[in-house]
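Me: I'd like to go through this structure with you, a piece at a time. Could you look at it with me?

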Amino acid sequence: MKILLVEDNQRVARFVQNGFREEGHTVDYADNGRDGLFLASSERYDAIVLDRMLPGGVDGLGIVEALRKTGNKTPILILSALGEVDERVRGLRMGGDDYLAKPFAFGELSARVDALVRRSQFAGPETTLEVGDLRMDLLSHAVARAGRQIQLQPREFKLLEFLMRHAGKVVTRTMLLEGIWDYHFDAQTNVIDSHISKLRRKIDTGFDPPLLRTVRGVGYKLGPDE
Amino acid sequence: MNSLVRSTAVRLALGYAALFVVSSLVLVGFLWWRTADYLDREIDAVIVADAQAISDRLRDFGLPGAIETIADRVSHAGDEHSIYLLTDPALHRVAGNLEAWPLQVGSTPGWYEIELVRAGKVHATRGLFAVLPGGFRLLVGRDIQDRVEVRTLILHGLAWASLGALGLAILGGLLLRRSVLHRVEAINRTASAIVRGDFSQRVPVQGSSDEFDRLARTINSMLERIEHLVDRVRGASNAVAHDLRTPLAELRARLEDIARARPPGEAVHEEIEKAVADIDRVIGIFNALLRLAEIDSGLRRSAFRRVDLAEIVGQVSEIYEPLAEEKGIVIAAEIPSGAAVDGDADLIAQAIGNLLDNAIKYAPPNSRVSLQIASGDEGRLAIEVADHGPGIGDSERARVTEPFYRGDRSAGTEGTGLGLSVVEAVARLHGGALEFRDNKPGLIAVLTLPGAGARDGAETDPLRVIRPMATPPVSAP
């Protein structure tokens with residue numbers, strides 16, 4: 001995956017670049033808005049990660065606006081310092097696809113970028129989802145593992161569907177809250193954990209290998225161990 | 001002296017004195033002017049009549065007739081208020097009660113005001129100088145010394161009265177200044193003490209309910225409010241410092257441990273993960289504080305939309321259900337449909353979530369937490385969250401919404417200490433309120449929000465449409 005990073009803080013930039021490179025991605029980097037916009041419009045990227053505040057005459061939102069005006073639909077994630085929660089709204093209205101406040105965990109950033117890229121590549125309608133021996137029928141709402149039917153409550157079904165659509169990738173607690181219930185708020189971590197442990201009891205107990213795993217400090221991941 | 005002039009009371013009194021003097025001057029001056037004018041005209045008429053009569057006699061009976069008339073007038077006048085003098089063209093006296101032609105009378109005929117000395121006393125005299133047939137010159141006059149004296153008397157009287165008024169004004173001003181200054185000085189002293197940092201000072205109230213007392217009471221209640229706010233801010237920043245110190249101290253200890261003991265790779269890894277968790281706690285506190293500040297600033301109001309309160313309550317209750325189930329708690333939700341509110345869905349969800357989180361945290365295992373929406377007065381909607389936990393004592397109710405306040409019941413529990421502060425801020429932002437009632441036993445938290453009226457066709461929130469991370473839409477084939 002080829003990612004463009006536009007960020008003026010050297011330390012944050014190095015941290016993000018290292019992270020993406022370790023995951024096997026190619027990262028192009030610009031430390032100001034002008035170079036960032038130039039790279040973004042002249043090269044093809046799978047995703048762009050932008051800081052909101054940038055030197056060089058063009059800020060993050062300026063880049064988003066310029067790209068969208070020229071019909072460039074590359075998924076964009078906007079980074080911003082704390083305390084600008086209201087800016088989130090503006091960033092998304094300008095055509096950004098996601099928004100993450102600093103300080104952030106790299107796992108969260110990586111998970112969100114993965115989700116953005118997958119969403120933009122999403123091809124056609126699906127009627128079934130499969131992860132390992134776990135199968136979900138989206139039409140009949142039936143879930144089975146190794147051929148054995150599993151009864152799920154509606155909210156557990158929504159949760160599992162979200163996890164299966166992001167199978168093999170880390171999803172964070174905030175992503176779950178936003179993706180399933182469409183709310184952006186700070187829920188205490190144990191709220192989401194209790195959802196996960198209920199679901200885990202249903203899909204993992206009595207089966208092998210465990211599919212739903214906790215990624216410490218970041219979130220969860222559905223899929224067999226690599 | 002300078003400070004006297006700068007004193008408002010003295011300036012006020014001086015102003016009144018000046019006004020008094022000027023208005024008396026105008027009044028007396030006007031009266032004097034009208035009276036003097038009348039007297040002048042009377043005297044002038046008499047003088048003209050006299051002169052006319054003498055002139056007539058001269059014409060009809062010649063010089064002897066005129067002399068006789070003058071002698072007659074002089075003797076009949078009796079007093080010395082009238083003067084007559086007839087001279088020949090060479091100014092030699094022919095008749096009259098003046099010895100010689102007065103130098104003050106010029107060579108042209110007309111009216112003159114002259115001063116004559118009679119019996120060693122100066123007498124102001126008004127006279128008419130006329131030239132009669134044959135070149136004779138006639139001077140007829142009346143003594144107006146009385147009038148001049150009256151005028152002098154009045155002028156002097158006015159001057160003394162003005163001086164007196166001025167003196168009284170200054171005295172009054174000084175007295176007024178003393179009584180006013182005394183009160184103003186008291187306010188000034190209090191304010192200065194507060195500037196120096198002594199917030200316990202209050203302006204003394206005399207109990208007379210005058211303007212100063214009312215001012216003092218207003219200032220005192222303002223001071224009380226300020227003291228309360230300052231205490232609150234001081235308490236909050238102390239609490240922030242304290243609440244941050246704990247995770248930071250743990251973090252420091254952890255890192256120092258790694259640096260000193262140099263454990264093998266795997267253990268370092270584990271320690272670092274714990275360190276990151278410590279930092280996340282600190283960031284969590286900061287995020288909550290910033291969110292609180294953001295809500296308090298009112299900025300979010302621009303993003304208000306018509307939202308379905310019943311739907312939010314339903315979803316939040318769904319989000320918290322598994323957490324409740326872990327403690328064997330049942331969330332009994334009673335939600336009527338179609339309760340609309342103009343507001344921020346995320347914030348309302350956050351507020352209800354915080355209330356539910358508290359209820360679940362403090363409710364005893366295997367109990368019920370009830371959640372319902374009730375309609376109140378004026379279309380207000382009350383979201384009631386009731387538990388059977390230890391509740392909050394009357395004395396604590398006002399304080400639990402203060403940032404970082406930790407009551408008896410929260411000892412040893414997790415949390416940022418900002419949950420209820422956020423709920424209260426959200427309520428305030430929406431024009432609602434957060435109240436607590438006794439559930440006997442337990443607590444009922446009531447979050448009241450103004451309803452959006454009965455209008456139909458709630459707007460959709462554009463943000464909801466572009467919100468990221470939603471599951472990809474499954475388009476129809």
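Me: In which sense do β1(A) and strand β2 (residues 26-30) of chain A pair, and over how many bridges?
Reply: Bearing in mind that this is a predicted model, β1(A) and β2(A) pair in the parallel sense, and the pairing runs over five bridges. Within that pairing, Leu4(A) stands opposite Asp28(A) of β2(A).

Me: And is strand β1 of chain A mostly covered or mostly uncovered?
Reply: Strand β1, which spans residues 2-6 of chain A, is mostly covered, with four of its five residues buried.

Me: Staying in chain A, what order do the strands of the open four-stranded sheet have?
Reply: The order is β6-β7-β8-β9 in chain A, and the pairing is antiparallel. At the edges are β6 (128-131) and β9 (148-150) of chain A, each of which pairs on one side only. From one strand to the next, the twist averages 25°.

Me: How many bridges join β6(A) to β7(A)?
Reply: Four bridges join β6(A) to strand β7 (residues 134-137) of chain A, and the two strands run antiparallel. One pair to look for is Thr128(A), which stands opposite Asp137(A) in β7(A).

Me: Which strands does helix α6 of chain A lie across?
Reply: Helix α6 (residues 154-165) of chain A lies across β6, β7 and β8 (142-145) of chain A, and the helix runs at about 70° to β6(A).

Me: Switching to chain B: how many helices and strands does it have?
Reply: Chain B has ten helices and twelve strands. Of the 477 residues in chain B, buried residues make up 24%. If you take contacts in chain B between residues at least 6 apart in sequence, 62% of them join residues at least 24 apart.

Me: What is the strand order of the five-stranded open sheet there?
Reply: In chain B the five strands come in the order β7-β9-β10-β12-β11, and the pairing is mixed. The edge strands are β7 (330-334) and β11 (433-438) of chain B, each pairing on one side only, and the twist averages 15° from one strand to the next.

Me: Do β7(B) and β9(B) run parallel or antiparallel?
Reply: They run parallel, with five bridges joining β7(B) to strand β9 (residues 368-375) of chain B. Among the residues involved, Glu334(B) has Gln372(B) in β9(B) as its bridge partner.

Me: Which strands do the helices packed on that sheet touch?
Reply: Helix α6 (residues 309-326) of chain B touches β7, β9 and β10 (380-386) of chain B, and its direction makes about 170° with that of β7(B). Helix α7 (residues 345-362) of chain B also packs on the sheet, touching β9, β10 and β12 (443-450) of chain B, and its direction makes about 25° with that of β10(B).

Me: Last topic, then: at what angle do the axes of α5(B) and α9(B) cross?
Reply: The axes of helix α5 (residues 265-297) and helix α9 (residues 419-429) of chain B cross at roughly 20° and come within 9 Å. Angles under 35 degrees count as roughly parallel, and α5(B) and α9(B) are therefore roughly parallel to each other. Their crossing is left-handed.

Me: Which residues make that contact?
Reply: From α5(B) the contact uses Ala288(B), Arg291(B), Leu292(B), Ile295(B) and Asp296(B), while α9(B) brings Ser421(B), Val422(B), Ala425(B), Val426(B) and Leu429(B). The residues of this contact divide into seven nonpolar, one polar and two charged.

How values were computed:
Residues are numbered from 1 along each chain as its sequence is written. Chains are lettered from A and ligands numbered from 1 in the order in which they are written. This is a predicted model: local features need pLDDT of at least 70, side-chain atom pairs count only at pLDDT 80 or more; totals for chains, interfaces and linings use all residues. Axes are lines fitted to C-alpha atoms, for helices over the stretch in contact, and angles run from 0 to 180 degrees between N-to-C directions. Angles under 35 degrees count as roughly parallel, over 145 as roughly antiparallel, 65 to 115 as roughly perpendicular and the rest as oblique. A crossing is left-handed if the near helix is turned anticlockwise from the far one by less than a right angle, and right-handed if clockwise. Two residues are in contact if their C-beta atoms, placed from the backbone, lie within 7 Å. Ala, Val, Leu, Ile, Met, Phe, Trp, Tyr, Cys and Pro count as nonpolar, Asp, Glu, Lys and Arg as charged, and the others, Gly among them, as polar. Two strands pair if DSSP finds at least two bridges between them. A residue is buried if 20 or more other C-beta atoms lie within 10 Å of its own, exposed if 12 or fewer, and partly exposed in between; C-beta atoms are placed from the backbone.
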